[in-house]
Amino acid sequence: MDFAFNSYSLILIYCGTVTLLVSYYISSRDKGAVRWFGLMMCANAIWSLGYGFELASDNLPQIKTFLNIEYIGISYLPLIWFLFCLKMCGKEKWYRRPLNLAAVLIIPTVTVLCVWTNDYHHFYYKSLSMDYSAKFPMVTIVPGAGYRIFLTYFYLLLATGSYFLLTKFRKADPVYKKQNYSILVAAFIPWLANFAYLLGFRPMGNLDITPFAFIITIFLIFIGIYRFQLFDILPVAREKVLELMQDAFVILDTKERIIDYNLAFNKYIRPSKKIIGREIKDLFPEQQQLLHYLSSKTPGKLELKVETTQGAFELEADIRYLSDDHLNKEISIIKFQDQTNLKQESLKIREQANELQKLNQLKDKIFSIIAHDLRAPLVNLSEVLKMISDDSITPDEFKQIAPTLSRDIIYTTDLLENMLHWSRSQLKGHGISPEYFNLRNLILNEISYHLPAASIKKIDIVHNVFPNVIVFADMLMMQIVVRNILNNAIKFSNIQGVIDISAVYHKSGFIYLYIKDNGTGIPSDIAAELFKGANNSTRGTMNEKGTGLGLMVCKEFMLKNHGDIVLATELGKGTTFNIMIPTAPENEKGL
């Protein structure tokens, strides 16, 4: 082959050789967007070397040979540029789909084949001829249909890639602007050069300045890589890292306007189409403490409560300030950390601690009852029986103390019953056995059980419960509840008092069982704690003892049966207990 090298061909050959070596170095050293950039340099190097040797050739067959080599780079350069832009913008999923990649590979591959076989069909070039009118021989090209198709494809990919870059970097943080300017300016240089060539602006005749323009583009992007660390702080990587963070970040300028934020920040503000450029006070108008920290340039942490369409959140805001000595500007960085779950867990732990404290107090009380109230009557009974055995007391003396012993035994029996029932209800896995039963029969049995105690005080127990009043509950539990309430009514009734028992049906699906006495009533402070087991036992009108456990057991039993128990009391006038008993299973109410 004969060559007549000129300045243009030497520039292209030199730049092409350097570009080829650098592309190999970059491709073997880095990955991701940098590797695509290395492939783009390689394609440009092939184009530049081929065109350089074409400009140094003086016959058409030799020019065709190098033209075929050029098109290996020319055909794939716009595609590699397009894929490079996709990678830069975080859209690499698109070309990972085989169908999409195959679609964009078809045209460059077919173009190379058309150029190589053009002598047989003249589809790409209608004709190629030598032009000797310039300082050195060049080829004159008459484009065909294939040339125009590839040209459309070429500009479409260049335009699409550039559009992606422009939209991606349009709202970028100022820290990335030097890099962005470098790559965007570089992207438009080949456009301008090729447009000038196609529009006929050719100061050097048929010389195509597009490969020279691409060399400048590669040079500018290369500067971006090693001068501005273009890919070391790649915005895509930075955004992916921030979007994976659960904590929200927002960056403010000196005027407290938002210049950047991550995806998690949207969770803590009301939906807004535009966030960049807005003042922070527009998004958090009610957070005066936050705004005060920002206006006074006070760093630190503070707690916030915000409500959005996604719910209510308890946040910890961490405010930091960064100063850029080169720009003489200060930016504010706020990290919002969601403390909602942590606060709820903390509240739950406190509630559990309080509950545990109450259980410990109750346990201490039960041990106190066992140690004193339960032991003392049994010791007294034991001593009396010992005295009878030793003939230390006469029958008449025994008759005098028998009523006291009887009351102690009844008290002890009731106490043991309540303790056993309460302990049984606390066992894990202990369930209830609800059934339909006649409430009137249960009331009559309990009245009969309490008649001896009522007769001592000459108390009249009146009941107004109609026959065939059917309820659905655990009958043993209801018996314990009614027994305790009736026992309390007798205990706090005066001599010749009246206890009224009635039952009415309520439309909510309950029988309201009222047990009313006209006794002493209950002070309001004691009534508030009556069902919690926290109150101290109060003696009755004839000095009857109590434990304070009975009503707590009643409350637990009613709740287990999907019922409830409440009271109304007036000091000196009496107390009314309302026992709400279901009439049907929970899932059948209202049917």
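Contact here means heavy atoms within 4.5 Å. This is a predicted model, where local features need pLDDT of at least 70 and side-chain atom pairs count only at pLDDT 80 or more, while totals for chains, interfaces and linings use all residues. Residues are numbered from 1 along each chain as its sequence is written, and side-chain values use heavy atoms, with hydrogens and water left out.

**View 1. Gln 339 sits in a loop between a strand and a helix.** The loop runs between β7 (329–338) and α12 (340–389); helices (H or I, at least four residues) and strands (E, at least two) are DSSP runs, numbered from the N terminus. Setting aside residues up to four places away in sequence, Gln 339 touches Glu 314, Leu 315 and Glu 316. Gln 339 is buried, at 13% relative accessibility (buried means under 20% relative accessible area, exposed over 50%, partly exposed in between; 1.4 Å probe, protein chains only).

**View 2. The largest nonpolar core has 50 residues.** A nonpolar core is a set of buried Ala, Val, Leu, Ile, Met, Phe, Trp, Tyr and Cys residues joined through side-chain atoms within 4.5 Å. Met 40, Tyr 71 and Tyr 124 touch the most other members. At least two residues each come from α1, α2 (33–55), α3 (60–88), α4 (98–116), β1 (125–131), β2 (138–143), α6 (145–169) and α8 (210–226). The top contributor is α3, with 14 residues. Zoom in on Tyr 71 and, beyond its neighbours within four places in sequence, you'll find contacts with Thr 111, Val 112, Val 115, Tyr 124, Tyr 125, Tyr 147 and Phe 150. Apart from this core lies another one, of 40 residues, including Ile 443, Ile 485, Leu 551 and Cys 554.

**View 3. Arg 483 and Glu 446 pair up across two helices.** Their side chains meet in a salt bridge at 2.9 Å, N to O; the term means a side-chain nitrogen of Lys or Arg within 4 Å of a carboxyl oxygen of Asp or Glu. Arg 483 belongs to α15 (residues 475–491) and Glu 446 to α14 (residues 439–456), so the pair ties together parts 37 residues apart in sequence. Both ends are tucked away: Arg 483 is buried at 16% relative accessibility, and Glu 446 is buried at 2%.

View 4. Arg 257 and Asp 253 meet through their side chains at 2.9 Å, N to O. Arg 257 is partly exposed, at 33% relative accessible area, whereas Asp 253 is buried, at 14%. Elsewhere, Lys 555 bridges to Asp 564 at 2.7 Å, N to O, and Asp 564 is partly exposed at 23%.

**View 5. A nonpolar patch on the surface includes Phe 3.** Met 1, Phe 3, Phe 5 and Leu 10 make up this patch, with about 430 Å² of accessible area together. Patches are made of residues with over 30% relative accessible area and no salt bridge, with like charges joined within 9 Å and nonpolar side chains (Val, Leu, Ile, Met, Phe, Trp, Tyr) within 5 Å. Areas come from the Shrake-Rupley method with a 1.4 Å probe, and for residues only the protein chains shown count as cover. Phe 3 itself lies in the segment before α1 (7–29) and is partly exposed, at 32% relative accessibility.
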